[in-house]
Amino acid sequence: MNSVKPVVGVLMGSSSDWDIMKHATDMLTVFDVPFEAQVISAHRMPDDMFTYADAAHGRGIRAIIAGAGGAAHLPGMLAAKTIVPVFGVPVPSKYLKGEDSLYSIVQMPKGVPVATFAIGEAGAANAALHAIANLAMNDAVLAQKLKDFRVKQYEHALAMTLQS
Ligand SMILES: Nc1c(C(=O)O)ncn1[C@@H]1O[C@H](COP(=O)(O)O)[C@@H](O)[C@H]1O
């Protein structure tokens with residue numbers, strides 16, 4: 001059993017979101033950032049969602065990555081109940097391909113922010129990278145890992161250069 005306390009919560013409205021949201025947990029794993037991942041739906045489990053949001057800051061959670069599809073109210077409702085920064089990931093939906101998820105998450109009223117990322121796996125990975133960047137502001141080891149990650153990414157992109 002892992003005894004390290006999680007600092008990032010990765011939440012999703014349904015287990016059907018996992019294929020997308022695992023891109024966030026994969027990134028956190030690469031950076032050795034302790035996280036917890038669970039299904040909590042604002043619609044289907046409203047009391048559990050409130051309990052989670054109420055306790056998050058006191059438990060040491062410093063970022064919440066919340067993914068949901070369709071009428072994606074989960075990130076906004078979490079943001080309404082906690083001061084922990086919430087990063088929203090619009091999960092692609094069956095009929096509207098995630099445009100509904102994006103608009104549901106991004107158009108928050110003034111005063112209750114949700115930092116909203118791209119639809120799909122890039123959004124999930126980038127939400128994790130953004131949480132990591134915030135944590136790295138007070139963690140020199142994490143900051144160096146982030147710099148190394150950028151160098152690797154640069155080298156990977158450079159290697160794509162087509163031979164003439
Ligand atoms: N948007 C929400 C919320 C919520 O915002 O509370 N709870 C579940 N869902 C979404 O419903 C979609 C279909 O869920 P099912 O596949 O379980 O029917 C998922 O993308 C989930 O995030």
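Leaving aside its neighbours within four places in sequence, with which residues is D17 in contact? In the predicted model, these residues are M12, G67, A68, G69 and V91. D17 itself is located in the loop between β1 and α1. Is D17 buried or exposed? A residue counts as buried if 20 or more other C-beta atoms lie within 10 Å of its own. D17 has 24 such atoms within 10 Å, and is therefore buried.

The loop between β1 (8–12) and α1 (18–30) also holds S14. S14 has 17 C-beta neighbours inside 10 Å and so counts as partly exposed. Apart from neighbours within four places in sequence, the contacts of S14 are V39 and S41.

The strands were examined next. The model contains an open sheet of five strands, arranged in the order β2-β1-β3-β4-β5 with parallel pairing. Strands of a sheet pair through backbone hydrogen bonds, either parallel or antiparallel. At the edges of the sheet are β2 (35–39) and β5 (115–116), each of which pairs on one side only. Between β1 and β3 there are five bridges, and the two strands run in the parallel sense. M12 stands opposite G67, a residue of β3. Both M12 and G67 are among the residues in contact with D17.

The largest nonpolar core consists of 44 residues, and the members that touch the most other members are A24, I64, I65, V89 and A128. At least two residues of this core come from each of β1, α1, α2 (46–56), β3 (63–69), α3 (74–81), β4 (86–91), α4 (99–106) and α5 (121–136). The element that gives the most to this core is α5, with seven residues.

Which residues are in contact with I64, leaving aside its neighbours within four places in sequence? The contacts of I64 are G9, L11, A56, L78, V84, V86 and F87.

Notes: Residues are numbered from 1 along each chain as its sequence is written. This is a predicted model: local features need pLDDT of at least 70, side-chain atom pairs count only at pLDDT 80 or more; totals for chains, interfaces and linings use all residues. Helices (H or I, at least four residues) and strands (E, at least two) are DSSP runs, numbered from the N terminus. A residue is buried if 20 or more other C-beta atoms lie within 10 Å of its own, exposed if 12 or fewer, and partly exposed in between; C-beta atoms are placed from the backbone. Two residues are in contact if their C-beta atoms, placed from the backbone, lie within 7 Å. A nonpolar core is a set of buried Ala, Val, Leu, Ile, Met, Phe, Trp, Tyr and Cys residues joined through C-beta atoms within 7 Å. Two strands pair if DSSP finds at least two bridges between them.
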